[in-house]
Amino acid sequence: MIPATFEYVRAHTVEEAIRLLQQYGDRAKLLAGGHSLLPLMKLRLSQPEVLIDLGRIQELKGIREEGDSLVIGAMTTHDEVAASPLVQQRCPLLAEAASQIGDLQVRNMGTIGGSLAHADPAADYPAAVLALEAEITCQGPGESRTVKATDWFVDLLTTALQPGEVLTQVRVPVHKPGQGWAYLKVPHPASGYALVGVACLLTLDGSTCREARLAVTGVGPKAVRLGNVEQALVGKTLDEPTVGEAARRAAEGLEATDDPLYASAEYKRHLATVYTKRAILKALERARG
Amino acid sequence: MAVTQIFGARVRRREDPRLITGRATYTDDLVLPDLCYAVFVRSPHAHARIRRIDTSRAKAAPGVIDVLTAADLEGKVGSIPTAWLIPNADLKTPPHPPLAKDKVRYVGDAVAVVIARTRGEAYDAAALVEVDYDVLPAVMDMEHALLGEVLVHDDVPHNRAFLWTLKGGDYEAAVKEPGVRTLKQRMTNQRLIPTAMEPRAVLAQYNPGAADLVVWSTTQNPHILRLLLSATTGIPEHRIRVIAPEVGGGFGSKIPHYPEEAVVAHLAQRLGRPVKWTETRRENYQATTHGRDHVTDLEVAFRDDGTVVGLRVRTLANLGAYLSTAAPGVPTYLYGLMLSGAYKIPHISCEVVGVFTNTTPVDAYRGAGRPEACYVVERAMDLVARELGMDPVEVRRKNLIRKEEFPYTVATGLVYDSGDYERALHRVLEILDYAKFRTDQAQARQQGRYLGVGFSTYVEVCGLGPSKVVGSTGFQGGLWESALVRMHPTGKVTVLTGTSPHGQGEETTFAQIVAQELGVSLEDVEVLHGDTDAIQWGWGTYGSRTTPVGGTAVYLAARRVVEKAKRIVAHQLEVSPDDLLFEGGRFYVRGAPDRGMTIQQAALQAYLAWNLPEGMEPGLEAQANWDPTNFVFPFGTHACVVEVDPETGQVRILRYIAVDDCGRVINPLIVDGQVHGGVVQGIAQALWEGAVYDPNGNLLTGSLSDYAFPKASWFPAFETDRTETPTPVNPMGAKGVGETGTIAATPAVVNAVMDALSPFGIRHLDMPLWPEKVWQAIRQARGGGA
């Protein structure tokens, strides 16, 4: 299909984008890559009257190191994140997640800000930013504000982003010595979205697990942290039985939705435990160097 | 004299540079002055009566030229015909109105067409067409359909389109013989969506001055389309020109004559301006034909030593809501006749019931009937092996037709032309290192890893086909093929073929045949196809017929050109034609090699016509219409090695080995390409692809983000090899290879997965082997625990 008629305006600065948002209100949508929005528009499930393209805003692009964090501009593409030596070296969990998004065409166009603002329940980034405890910055007509990743994902396709705001950047802490990471996913065989995707960041102190952060995407209406699993790991010496035991808790209280074709809720919950175990083992292997 | 062997050379496809650099011209690329655009309004219901259609709002929308419904086409565009009227099967051919009249029968059935100045305006207006439906219960399941509670067509009781039977030998008697035992298995061969890279498109232009119609269409068979368009539009055949420009794949789904073609052609005439329609991918999935969709009850009769004595096959074949062009022939003749596979099975009994349901019509899809047959036979071999605790390779060896037994008449009546089945099997076992694999497999199992190997010692029928034979099956056409080879005064050559390649590479292959026969360079040969005004006649490209049938016509026409050139040279050199030798494009006198003339010089003489033999017509061209005496039967063995993850049910392909024999090979590179593509499609059916409807008839796999179309990264590098057993059916010895991969691969993969799952006692799972299905089966086998 082809979309219904719409106006296209290009913002050159964040300030201009915010002004345009004010001008058009809910008749407008921000275009931040478009790999989710344009298909919906082609199916006429979404018919915005105006698209405000953020693609030419230079200040929203690029990755830089700031203290113990990486600051990633909202319009940085998935491929730029995946291929960035800085991300690969300083925050490889994010690079590993970015490299598994969709396919190359999607990674060349899709952006981290677009993905996080859309909050598709099966997107890959949400699990990674939850496990990384990233911070997301939004800019509206007034002050900018920063939201913790754990507070960002509100519900299905719903985030803490307010009307009139532009997601401007994502701040992720760099990995510390003794940390191991992994992002593993079962891709939907057609769309490439995660049927189940597990992000894991472990901190070891000798052979003891000092901190564990895990998050899962794809299973339910939004990505969530796996607190039960984390608790079962922290303070333990991580051998395979301990990891297996902890991973089994991934399914406890985990809200799951049926994929109409490729994975029932039951199967997704099962996969969540298997992939949690595998992600922990992989992170452990990396933490031990 | 240096002779270059062009026949058999790894020549790169001359089509590819334009295809991969975006310089090819497809139907949708064409723009004509005053062009307008058609968009079809399609039913959102699988089954409903149309109470009323209100087009007034749509007609008033900006840019709209007209909006038509079935009532407007009454008496102008006829019912879409079926061209394979299988005999003795009580075949029902209910009307197929080009726009639904009274009733819609599947989601996607077209009810109206909007014509506007731009495609966007046409879409906008299509949303304004108001159709008042009286929704009826949909009938989706074949067994349910046969109860006849809900009728897709009011005049087809029990939704039964046909009942076709085939008996070879006496199965009922054979099972009563002492020492014969049986096993049963129900299996489905799921519905697939062909997914050609280019969706369908039609552009039609009517010239009122000359009263003629030009139709550009994404068709695999332009002459057949012209013939059928003359029937549906009433415009006489000689006033219609059909052009198949670049066509981006078809896999059978571009064989049928579709309603949109008839409607768009009519619109061009009606409106007096050119009209174009291009389907979206969603329309492509809903309204372009699907493939396969069988449910089969198999019974195999066999002896303790592994000898298979008989098969009884009862198949329900889903035909969808209407009978598509070739639909009745696909699950009958192209299926039942191949149920002996590569084996000597003396007793075969087959019954096929064609069923109407509220689904997209089903027609040929790469392999068309033969993959379904191969699947049944190759699964049967593994089931017998499992039952007897025998090696599946041994069971196959026990039953294979031996090379000295050709030509071999199987129980279904086909006469297999040539083969050496054991040689291909042997080669696969060698590449695989079979004994070592079994050792590795046993070791892996001890470590909780589940490896499996599956074989498919397939044979297929292609090179369709001898006209007399296909006529006896009710096919409403001949399947001979034509070619014209024209050498121009400068010695350059144009080849006009009646086949219509759309990705297969015959522009290269046929140039190789002609360059070889005429002794000219490859660059001097141009191959044209796909235009009914330029090409004398053609039946098109499908059924792996293009090279064995169309290529043979090309070969024969080239030979005739050489013969004529030889007579001209003999005349001018004043020798007998018998005294001339022909080598590397030059004729010379036997014993006096200096006295000679090149074929290019002969061509110039043919056109100058100053000095030709008495009674010879000027010019240098020849046409050949080749009608084969038999089909051809390519064969081979494929083996697949998989690992199943017992925790998740995921299947990983570790190795895929294909040893194929398609007779004499003209271009090994193209043969490899065909094998690779075919294998990918075959594996995809086993593991991923499957069209799924919900109970209300909505296609859940209605887009590329839902339908598990395979990606290149999912496959290992294929290990391919070949044997070459020429066919006696045509002078080149070439068989077809366009469908072998698709036919062979599917059972090889399923057999491999079942082999991997044998420690769990799992004997059969239906395709596609989606991980959850495999995981559930393992879980069940383990007694519920994960």
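1. Helices (H or I, at least four residues) and strands (E, at least two) are DSSP runs, numbered from the N terminus. In this predicted model, local features need pLDDT of at least 70 and side-chain atom pairs count only at pLDDT 80 or more, while totals for chains, interfaces and linings use all residues. Residues are numbered from 1 along each chain as its sequence is written, and chains are lettered from A and ligands numbered from 1 in the order in which they are written.

2. Have a look at strand S20 of chain B (residues 493–497), which pairs with S21(B) in the parallel sense over 4 bridges. Within this pairing, B:Leu496 has B:Leu528 of S21(B) as its bridge partner.

3. Now step back to the open sheet of 4 strands in chain B, ordered S21-S20-S19-S25 with mixed pairing.

4. Next, follow helix H17 of chain B (residues 546–573), whose 28 residues reach 39 Å from first C-alpha to last, close to the 40 Å expected at 1.5 Å a residue (the expected span is 1.5 Å times one less than the number of residues). Of those 28 residues, 20 are buried (20 or more other C-beta atoms within 10 Å of a residue's own, with C-beta atoms placed from the backbone), so H17(B) is largely enclosed by the rest of the structure. Just after H17(B), B:Glu574 takes a positive phi of about 60°.

Definitions and conventions:
Buried ≥ 20, exposed ≤ 12 C-beta atoms within 10 Å, placed from the backbone. Pairing = 2+ DSSP bridges.
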